[in-house]
Amino acid sequence: MEDHRACVFLGFNLRYRYDEDYAITEELMDGNKLIAIETYLPSGMIWQEGPESHKRDSAIIHDFFELSEEEMLQADPKDYSFEALDKDMFFELVHTALEGDPEEVGSFEYLTTLPSFAMTAEPEYLDGYKIQIGYIEPMGNIDELFIDICYQTGDAYHDYVQLSDMVEDGSASPEQAEAYRKLKEIERAIVEHNQLNYGAESYRTLELGGIQFERLATYLENLHQGKYEGYLGEMIELSLEWMIPR
């Protein structure tokens, strides 16, 4: 809003769902025993909830946002030091937020039916793989989208390899690499037109590298209609510890 500006900082991983540095520990009482449960949230990895270095950087950001707008704009980046965060990126974002034009509201449908950011995936492996989609759509605008394929390698929650990594390390077949290029083409078109099901009929019947694009078209159509709950996954319990509190 032109007459009201505020800064918040949120980092969200659109490519990966699991990293033990992002596990969350919750403590619950059961009678006279304390239960410590270590879990992953199904919604994805938020930067502030990662390693201790991220938490220390977040504390610096919190104090910085206590400054006035004028003080934030006049702050010298040389006076700040982050352990994990890209300092140049952070201060560029601050100036964009405080000096740039307000972002226009995009699709009201997305604004009211979808979370503003989410890491989603098909609930089950089919033919040895599942499709995964991470997105950010603040103000109803699909600003970023990352479509990937997860190939099952075992029975554990994290037993899979991602097509994006296979393409980067050269282990993908030529057909899989071609499929990945098509996925990136679909991503760009969706962001450009701000419509999750954009162009679906042009690729619905494709099958490249063993990937059935009809599944992707159905997935994106469900997200477009706000039917995202079935793609969020369930909370994963990593460990459970029973203790008698002191």
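What share of the 246 residues in the protein chain is buried? Buried residues make up 40% of them, where buried means under 20% relative accessible area with a 1.4 Å probe, protein chains only.

Before you start clicking, a word on the model. It is predicted, so local features need pLDDT of at least 70 and side-chain atom pairs count only at pLDDT 80 or more, while totals for chains, interfaces and linings use all residues. Residues are numbered from 1 along each chain as its sequence is written, and side-chain values use heavy atoms, with hydrogens and water left out.

**Whole chain.** Show the cartoon: you will find eight helices and nine strands, which are DSSP runs (helices H or I, at least four residues; strands E, at least two) numbered from the N terminus. The C-alpha atoms fill a box of roughly 55 × 55 × 35 Å along the principal axes.

**Largest core.** Next, select I133, L196, F213, L216 and L220, which have the most contacts inside the largest nonpolar core, a set of 38 residues. Such a core consists of buried Ala, Val, Leu, Ile, Met, Phe, Trp, Tyr and Cys residues joined through side-chain atoms within 4.5 Å. Colour α8 (213-224) and β4 (129-136), two of the elements that each supply at least two residues; α8 gives the largest share, six residues.

**Around I133.** Zoom in on I133, whose contacts (heavy atoms within 4.5 Å) include M119, F146, L216 and L220, leaving aside residues up to four places away in sequence.

**Second core.** Finally, select F9, Y22, V94 and L98: they are among the 15 residues of a second, separate core.

Conventions
Buried means under 20% relative accessible area, exposed over 50%, partly exposed in between (1.4 Å probe, protein chains only).
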